[in-house]
Amino acid sequence: MVDLKGQYSKIKKEVDLAIHEVLDSTAFINGKQVTEFSERLAAYLDINHVIPCANGTDALQIALMGLGLEPGDEVITPSFTFIATTEVVALLRLKPVFAEVDARTFCLDPTQLKKQITKKTKAIVPVHLYGQSAPMKEIMDLAKEYGLKVVEDNAQAIGGDYTFPDGKTQKTGTIGTLGTTSFFPSKNLGAYGDGGAIFTQDPLLADTCKMIANHGGKKRYYHELVGCNSRLDTLQAAVLNVKIALLDDYIDQRRTAADYYDRAFAGHPKINTPFRAPYTKHVFHQYTLILEGADRNKLHEWLASKNIPSMIYYPVPAHRQNMFAAFQSGSQQLEVTDWLTERVISLPMHTELDEEQLNYITKTVLEFLN
Ligand SMILES: *Cc1c(COP(=O)(O)O)cnc(C)c1O
């Protein structure tokens, strides 16, 4: 699905140098590269505060902790997402409420979202799934109307953007109260290990999240809040400092591969290629097809037999996970989510796909379907 080796071979010199600088300094924890990277990311996103942390799941947890919610408060998330988005809600003794997605965008459907808002709702966590922004204008309007906080799970869409009807464009993750991301190696901005970050324009929230990530304190051995220990390590920051300069090129390479796939599959009666919402730049963390009138699982096996990786993101939606049995969400009717779960398949998507590979992949997919 990804070619991390191919990508590394092109930046080996810079990365090796950056890593050796850290080794020579032995500042493995909170070295200067961590601050440097936070500043670069803040400039790239055009946001005032970036709080680095250990991974994207921690970023979501710390962001939610920063909002100071009470046990039992309701947090609305899509069910059609990676489990981390919803898991942290339950972990914090908040109540996850699963909302429906739009079958075209794979992101929260604002009309369905509105129906899930109750007196207990305190926050919404939209996910910019597969690299495309959720409809943020509608989500922010609902948040304003009902006084809700918004935490954008931007783990799959770093570098993407959203254009409001008035023409104003903002990077995904910088529109809500807080945004979070992951630097898991396969993400669009991937480290060589785990990493994550939280972003906000709000200085007070930034301060709170920074403290939470540091055992609830600013000054060593003085603790104001119950927090956790979540740091981006210096080696990862050094790698990310090299890669952030290349993020826009990486996105272009992903978009070029997506264009190739789109052209090859255009008009095929059994294939829905990814919808490109007019309000956003899709950064193609994943290239995900919806198959109709074809056996998705058989295609997955067929591709594997031809040495082509493919993935089902995600085979079980959150509301059907045993993890949430206590919330009885399994009986919830999320028809679009269930429908998508049975029909989506993601093809290889990364920065190193060449025409020969793309030709082989598309030809093999079409051979199965025709
Ligand atoms: C990857 C991912 C996360 C979690 O990131 P980790 O760094 O693996 O903890 C959270 N949400 C979404 C949507 C993701 O894709």
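Predicted model: local features only at pLDDT ≥ 70, side-chain atom pairs only at ≥ 80, totals over all residues.

Q: OK, how is the protein divided into domains?

A: The domain assignment gives domain 1, made of residues 4-99 and 106-245, and domain 2, made of residues 247-369. Taken over C-alpha atoms, the centres of domain 1 and domain 2 are separated by 24 Å.

Q: And how many residues of each are in contact?

A: On the domain 1 side 42 residues are in contact with 36 residues of domain 2, and between them the two domains bury about 3,300 Å², with 60% of that area on carbon and sulfur atoms.

Q: What about polar contacts between domain 1 and domain 2, how many residue pairs?

A: There are 22 residue pairs in polar contact between domain 1 and domain 2, counting pairs with both residues at pLDDT 80 or more. The helices and strands that each supply at least two residues of the side of domain 1 touching domain 2 are α1 (4-25), α4 (84-91), β3 (95-99), β6 (161-163) and α8 (234-244). By class, that side of domain 1 has 21 nonpolar, 15 polar and six charged residues.

Q: How many salt bridges between the two domains, and which side chains meet?

A: The count between domain 1 and domain 2 is one salt bridge. The side chains of Lys10 and Glu352 meet in a salt bridge, with 2.5 Å from N to O.

Q: Switching to the ligand: which residues come nearest?

A: There are 14 residues around the ligand, of which Gly56, Thr57, Asp153, Ser182 and Lys187 come nearest.

Q: How far apart are Lys12 and Asp16 along helix α1?

A: Lys12 and Asp16 are four residues apart in helix α1, so about one helical turn separates them.

Q: Last topic, the backbone: which residues does a cis peptide bond join, and where is Tyr314?

A: A cis peptide bond joins Tyr313 and Tyr314, with omega at about 5 degrees. Tyr314 has its place in the loop between α10 (296-305) and α11 (335-343).

Q: And what is the phi of Asn30?

A: Asn30 is not a glycine, yet its phi is positive, at about 50 degrees. The place of Asn30 is in the loop between α1 and α2 (32-45). Most residues other than glycine have a negative phi, and most peptide bonds are trans.

Terms used
Residues numbered from 1 in each chain as written. Heavy atoms only, no water. Domains from an automatic or database assignment. Contact = heavy atoms within 4.5 Å. Buried area = accessible area lost by both parts, 1.4 Å probe. Salt bridge = Lys/Arg side-chain N within 4 Å of Asp/Glu carboxyl O. Polar contact = N/O pair within 3.5 Å; in protein donor to acceptor, adjacent residues only side chain to side chain. Nonpolar A, V, L, I, M, F, W, Y, C, P; charged D, E, K, R; others polar. Near = heavy atom within 4 Å.
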